[in-house]
Amino acid sequence: MTLLADIISASANLHSNHLPSDEYDRRIRDLVEYFRRLQTTKALDSFANDESCLNRFDPAIDSIPYLFVLRVQIQKAQELNTDSLPADLRPSGRLWTCAAHFLASFDRVQVRYAGREWRLLVELPLLGATLVKGAMLRLDPSCAVFTSSHLLLVRLCLQAKAYSCALPVLNKQICHFPISQGRPSSDPSVLCADHGSGVSFMTEASGISAKLSYRDYLQYFLYGGMVYMALKEWRNALHFLGIVISTPGTSSVSLIMVEAYKKWVLVGLLENGRLCPPPSITTPHVVKVYQSLARPYIILAHAFERGDLRRLNAEVDAAKGVWCADNNLGLVSQVVGAFFSQTVIKLGKTFAALTMADLSKQVFPSPVCAEVTGSAVSSLIMSSALNATLVETKDHAEASMLRFSSIHSLPRLSRELDLQSQLKQEMKLMGTLVINLGETNNNLGLSDEYVDSLHKGQVWSGSSEVNPIVGGEAGLEMDEDLMGDMS
């Protein structure tokens, strides 16, 4: 019997739909081990140039053989073209097409047993953000375990300016890091079982994620915040940036955290019209470091808060080199553009009504045409950025009146619908957190069984043992060079 016939026969052992979980687990482990032996002994190299071999397998049901043979063919193509990317690996090339077909249809249970090979395929150059996103959601629809693929996806989306592509993953709640195998989770031996969370099979040893560092975590949330900024979702951007700037450090802050704080100041002005204080869990000495390293941004924010347009423009011009060096010139320009709308919103908290003439005097240092002011106000009202009513007069535009409305003056049905929508979102979020809380409790040793074992003296018996709560389980390596660059 030929090697190809052996492979087809071995893969066919998984096609039964009535295998118990433990038997399926044993067979698939044997199959993966069989392919890794073939890979080690170079036996799979006989298929390196056989273009018809992959046609013998369906990636939806023969995911393991398809993945291993495809990886061999990709490696061979890369070895023959060390100076450039082979044509077969470029978009619409033969191997690129095979990889795209596999990532869109693989069996998520089988791939749990070949995580390293799956990750190497996902990291293939020029694969594209859409395919990476689809592969991540297919393997683990919750995306609750932070992996190197999360960072890869947001980088690809930023590079391609395909910002919306990242949202299905960015909008998921990250609750875990890949755990080590020092302490098993709920049912680690049977990966094919129905797990409530990907943390059960996304371990350090699985290879689904590359080794993670402290910097990877910070970069993901910084880049995620930048995606939300590009989409003008300022509230979500603030949430992601807040995670970065409030992350505990060993002794100081990293350049990534400082970069996040600078954007935090600008996004706070765009969302709330004021300088937002860092999250309450940020230590005071870290806040002082941020403020000293981001002084031009603080000065700009103060000018914005005072409603002084002339001063604001002067500060923008004075520190133009800073904005360019930090790649924040676009955000600063949006802050200047938002000055009018934020100032009008603030006036609504002080006045019940204003004429267009008075409004222009309050906002602009020099006289502005009343028609221009009225048009800008109308745009704010129609976009729901401003709760107000504009009462125009035909004879004198300056006499037109802007009447501000509070949230309580809105129709009762509208308020109730908004509240109902918010409650549904909060309930969905709470449900996600509750599901992952059980896994977190187990992994951190907070389950009832683990507490009982502590009382019985069955763990932590030796002083040399690692505390499983703070060491060895986080799956996150602290970066020694916290002030290193972001590359």
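This is a predicted model: local features need pLDDT of at least 70, side-chain atom pairs count only at pLDDT 80 or more; totals for chains, interfaces and linings use all residues.

Analyst: Residues are numbered from 1 along each chain as its sequence is written, and side-chain values use heavy atoms, with hydrogens and water left out.

User: What percentage of the residues in the chain is buried?
Analyst: The chain has 22 helices and three strands, taken as DSSP runs (H or I, at least four residues, for helices; E, at least two, for strands) and numbered from the N terminus. Buried means under 20% relative accessible area, exposed over 50% and partly exposed in between, with a 1.4 Å probe and protein chains only. Of the 487 residues, the buried share is 44%.

User: Which residues touch the most other members of the largest nonpolar core, and where does this core lie?
Analyst: A nonpolar core is a set of buried Ala, Val, Leu, Ile, Met, Phe, Trp, Tyr and Cys residues joined through side-chain atoms within 4.5 Å. The largest such core holds 133 residues, and those touching the most other members are W118 and L402; helix 12 (residues 255-272) is the top contributor with eleven residues. Because domain 1 (1-126) and domain 2 (351-406) both give residues to it, this core lies between them.

User: How much space lies in the largest cavity?
Analyst: A cavity is a set of points on a 1 Å grid over the protein atoms alone where a 1.4 Å probe fits but cannot get out, and lining residues have an atom within 4 Å of a point. Points are joined across faces, edges and corners, and a volume is the space filled by probe spheres set on them. Two cavities reach 30 Å³ or more, and the largest has about 70 Å³.

User: Which elements give two or more residues to the lining of the largest cavity?
Analyst: The lining includes W118, D140, H150 and I208. Two or more of the lining residues come from each of helix 7 (129-139) and helix 8 (148-160).

User: Is L85 buried or partly exposed?
Analyst: L85 sits in the loop between helix 3 (63-80) and helix 4 (94-105). Leaving aside residues up to four places away in sequence, L85 touches R90, P125 and L126, where contact means heavy atoms within 4.5 Å. With a relative accessibility of 23%, L85 counts as partly exposed.

Note on methods
On a 1 Å grid over the protein atoms alone, a cavity is a set of points where a 1.4 Å probe fits but cannot get out, and a pocket is an open set with protein on both sides within 12 Å along at least five of seven lines; lining residues have an atom within 4 Å of a point. Domain bounds come from an automatic or database domain assignment.
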